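Please view the sequence and the model together while reading.

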Amino acid sequence: MVEPVGNHYIVARPVYSENSFDEEHEKLHRYHKNFWDNLKLYFRCSRQKVKKIALGLFPIVSWLPAYRFREWILSDIISGINTGLVSVLWLVRVLRSSGTLTALIADELAVCLSGLITGNGTSTNMSIINEERVMVAASVTFLSGIFQLLLGILQFGFIVIYLSHSLISGFTTAAAIHVVVSQLKFMLQLSVPGFNKPFGIIYTLESVFSQITDTNIADLITSLLVLLIVFAVKELNDRYKAKLPTPIPIELIVTVLAALISYFVNFEERFNVAVVGKLEEGFQAPVAPDVGILQKCIGDGISIAIVGFAVAFSVAKVYSIKHDYPIDGNQELIAFGLGNIVGGSFKGFASSTALSRSGVQESTGGKTQIAGIISAFIVLIVILAIGFLLAPLQKSVLAALALGNLKGMLMQFKEVGVLWRKDKYDCVIWVVTFLAAVFLGLDIGLATAVAFELLTVVIRSQIPSCTVLANVGRSNIYRNRKDYTDIYEPEGVKIFRCSSPIFFANIEFFKEKLITAVGFNPLRVLRKRNKALRKIRKMLKKGELQVTPKGLICMANQTHESDEELDNNRIEELDQPTNMTDLPIRINWGSDLPPGITVPQVNIHSIVLDFSAVSFLDFSAMRVLQKTLKEFIRIDIDIYIAGAHEGFLEKLERCAFFDEEIKPSMFFLSIHDAVLHILLKKDIASSPKLKLTEKGTNKDCIINTSNGLRSRENRVSLQ
């Protein structure tokens, strides 16, 4: 019964153990689904499941009908045009790079290209070599698409749950640093080779600075000027975004003006700047992938598939958090897989996200995939028709536009200070991820970051938070005894909380913390008591002890006998429960013992273990926990477990956890139930005339949580 009284509530109910609660309320024993049941359910076909799969494969069906045409179309058009123009930068590099690719994922392809093409001494013609490179890149792209598609179909998108926000933030920031470094050679017009290996960024910077005197001043000035203009306009866009109907399309404006100025001033001839030049028009004819290349590049295909997806998902996650929309890892895998399969068939290169283009689309007001469609349409127009208009455009302008849109990613450095104040573990994950991705490369860096992140989870669960609780405010609330002054600790009762799963890696830590909390080692006490009983039996047999109404009296001078001598025989008996049935008197371990016999003092009679935060207990930990609890029980300490989650008892029963010493009756619904049961039990022992309230056929203690404990009398509040 619950009675609201103002801002208080009064609950009157019996003290429940888990068993008594289940019996009174007739708990149902339900069948719990296992892995195979869930697997069968996953492959079962239904109308709803078909609809869900269809929407997953064609998400446009769900978002296009809800498109706000008047509100979003202008922003999407402007964003799509700007993003398309920036995309031309990557298009230029693919069409005119002669195999030396510089995009983030293309660096992976470059390694595969160098490994397969370098040793071919028969291909002396450069055009033939380039054709071979294109074929290798297309085949590896096709292979990576196959892997991504398979991972998506098999629902391996769940792996993204291991990419925390801190890891993603550090990883995308590192990727932005890689992009910045990769643009330096275009801004300075230097010939810098690609270094896709650990510490490759160091080698790249070394190559840049070793040639710094060869910098093209015109390209450098143009790049800095474009950066300054882009940053200034984007700052205005952010400051006045509430007043502007759409952000100022600075990328479009700069691209048009730069191309016109370069054309009329003739920058290429006057200042020897690097320009886009003539682009190859049209599409390549589709070809089948080379089976021989596929066999040699399986490892590269898997690496590109994973890294490409990880980079894309990380960037998408950043924007999904910022703009509050969901993303599906499996859907992304299928989309990238199909895209790479089709792209590889047309001699295309592996696709992933581009930090600069993503930044352009977001900063210029892109709302939906319509902006992406328009961007693709712009690239299509350039390929088929107007590529010649971009011929005089400086590459340094495109590089500066790419860098100008990385501000959002680079500003994630601010998160380090915030994370350090809020969660030092997450801060360390951010820093380690950033450093690993910067210096080891995105592929090895990502693997290192995920491994380190999982290691921190293991460490945190391996060293759980264990605290001693006390009653606060004389109610049913129990908190860390160190955090409050108005506390009540029932005499002889220790309440111990473990706030993590208990498993093989942390069970010994749990045991040590429990022993520290109670102040003694139960196994040591048990062994000391059994040694004392051996000694008492020996002294009684020799007549050195005499039984009197006042207890045992020593009749002779006691000679010292070392523990080693007592341990020589039947040492296994020391760990067994104490047995006094053959003695003429029951030993009171709390009273004075005969001279020469000492045992550690135990000042508690009950331990309550709060398992409300223990989500699981594995079999290895279960065995150690069982042994530890028996050690306490064998020295006459009652053990109670409170707050265990549903199914906990069933698992313990299946694993034969219970026996004559450890029984299911030790489990209680809450800490308060366990404490009241202990106090009631002690009251009954000290006052046999205490009457309990009758309820049905059972005698239960009716508790009132508004005044559950009386610390002065150490009694239960009964009604």
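## Disulfides and Cys498

A disulfide is taken here as a pair of cysteine sulfur atoms within 2.5 Å. By this criterion the chain has 0 disulfides. Cys498 takes part in none, and the nearest cysteine sulfur, which belongs to Cys466, lies 4.2 Å away. Cys498 counts as buried because its relative accessibility is 1%; buried denotes under 20% relative accessible area, exposed over 50%, and partly exposed the range in between, with a 1.4 Å probe and protein chains only.

## Basis of the model

The model is predicted: local features require pLDDT of at least 70, side-chain atom pairs count only at pLDDT 80 or more, and totals for chains, interfaces and linings use all residues. Residues are numbered from 1 along each chain as its sequence is written, and side-chain values use heavy atoms, with hydrogens and water left out.

## The chain as a whole

The chain contains 28 helices and 16 strands, assigned as DSSP runs (helices H or I, at least four residues; strands E, at least two) and numbered from the N terminus. Of its 719 residues, 44% count as buried. The accessible surface is about 38500 Å², and carbon and sulfur atoms contribute 60% of it; the areas come from the Shrake-Rupley method with a 1.4 Å probe.

Among contacts (heavy atoms within 4.5 Å) with a separation of 6 or more, 79% join residues 24 or more positions apart.

## Annotated transmembrane regions

An unreviewed UniProt entry lists several spans as "transmembrane region", including residues 137–163 and 370–391; such annotations may be inferred rather than shown by experiment. In the model, residues 137–163 are 63% helix and 0% strand, with end C-alpha atoms 29 Å apart. For residues 370–391 the figures are 77% helix and 0% strand, and the end C-alpha atoms are 28 Å apart.

## Strand S3 and its partners

Strands are called paired if DSSP finds at least two bridges between them. S3 runs antiparallel to strand S6 (residues 493–498), with 4 bridges joining them; Val468 stands opposite Phe496 of S6.

S3 is also joined by 4 bridges to strand S4 (residues 477–480), again antiparallel, and Ala470 has Arg479 of S4 as its bridge partner. The S3–S4 hairpin has 4 residues between the strands, and Gly473 adopts a positive phi near 75 degrees there. Strand S5 (residues 487–488) pairs with S3 in the antiparallel sense over 2 bridges, with Ile487 of S5 opposite Val472.
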